[in-house]
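Let's take a walk through this structure together, looking at charged pairs and at one helix in particular. Have the model open beside you as you read.

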Amino acid sequence: MKSIGVALGAGGARGLAHIIVLEAFEELGIRPSVISGTSFGAIIGAGFAAGLSSSAMKEAVQEAQVLKGKRFWNGKKRNLPIAVTFLDPTTEAGGLIKGEKFVSFLRSKIRIGRFEDLQIPLYVIATNYWKREQVVLSQGDLYQALRASYSLPALFTPVKFGKELLVDGGLMNPLPYDIIKPLCDITIAIDVSVRETASKPNVRAQEILFSSYQIMQNSILREKLKQSQPDVLIQPDIQNVRMLEFNKINSIYQQAFSAKEELKRKLAQVLEIETKPLPFKKRFRWPWGK
């Protein structure tokens, strides 16, 4: 069988759609030979490369969504959204959040510390802040690489990597299919970026910042696609989900379902295999029981 490489793009909360789209490989009984990822795509890619099933990743997301057993100002126990669960503010220069709490959570779920121990080779994209260039990480400490890849400037503190300073890989390569193209026969690229920003009055400065970042990523990707194309490009149509809206898990999963079915059809075509549709009940059985 032809070897398949999968590139998972950046997109913040929209990156949760990768979990659903990757179910296509499980349902077809296919294993990619190599994976690349940027930012949240790198996180999902690491889980997949470590051998986590989509069900295990969904369970991890559900667990991350709440912080149980903590008492707050009114003395009552409350559940918190994921953005607050992993909030570790810092006074260090370069960002508002360390990001170490999230790294600890990833470590407890992936349980593999180095790239060399992954079941599938993984390439993680970061940006060298001083040299203004792309960095491809594929050896050594897995979590330091992931931490660098999702370090959105001004939000997360940069990661010191030897003498270099690394930040979010989306600044240079939001959808890194070019990195793995020479390493496989068929390249699959999954783009979860925002292609349209809804116009709303009284837009906050934070939202302007994140939207501008996404506009930049879209511009980079458009120019890149003019130069070379992946063999299969999947673009889940995820509407009304901002970068940090991880509370919209259900909506993201449901909206990504059609992209998974599209990938299954295209994989079947390029690999010349036969697919059978799932029964109706199983097709719409979501992990939250609705």
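A salt bridge here is a side-chain nitrogen of Lys or Arg within 4 Å of a carboxyl oxygen of Asp or Glu. This is a predicted model, in which local features need pLDDT of at least 70 and side-chain atom pairs count only at pLDDT 80 or more, while totals for chains, interfaces and linings use all residues. Residues are numbered from 1 along each chain as its sequence is written, and side-chain values use heavy atoms, with hydrogens and water left out.

Let's begin with K224 and D178, whose side chains meet in a salt bridge at 2.5 Å, N to O. This pair links distant parts of the chain: K224 belongs to helix α8 (residues 205-227) and D178 to helix α7 (residues 177-180), 46 residues apart. Helices are DSSP runs of H or I with at least four residues, numbered from the N terminus. How accessible is each partner? Buried means under 20% relative accessible area, exposed means over 50%, and partly exposed lies in between, using a 1.4 Å probe and protein chains only. K224 is buried, with a value of 14%, whereas D178 is partly exposed at 31%.

Now find E63 and K109, which form a salt bridge at 2.6 Å, N to O. Here too distant parts of the chain are joined, since E63 sits in helix α3 (residues 54-65) and K109 in helix α5 (residues 100-110), 46 residues apart. Both count as partly exposed: E63 has a relative accessible area of 44%, and K109 has 27%.

A further salt bridge pairs E116 with R114 at 3.6 Å, N to O. E116 is partly exposed at 47%, and R114 is partly exposed at 44%. Elsewhere, E23, E27, K58, K260 and K264 are linked in a network of salt bridges. In total, the structure holds 13 salt bridges.

Let's return to α5, the helix that carries K109. Which residues of α5 are buried? They are F102, V103, F105, L106 and I110. They lie on the same side of α5 because they cover an arc of only 160 degrees around the axis, where the arc is that of the directions from the helix axis to the C-beta atoms. Finally, just after α5, R111 takes a positive phi of about 60 degrees.

Definitions and conventions:
Helices (H or I, at least four residues) and strands (E, at least two) are DSSP runs, numbered from the N terminus.
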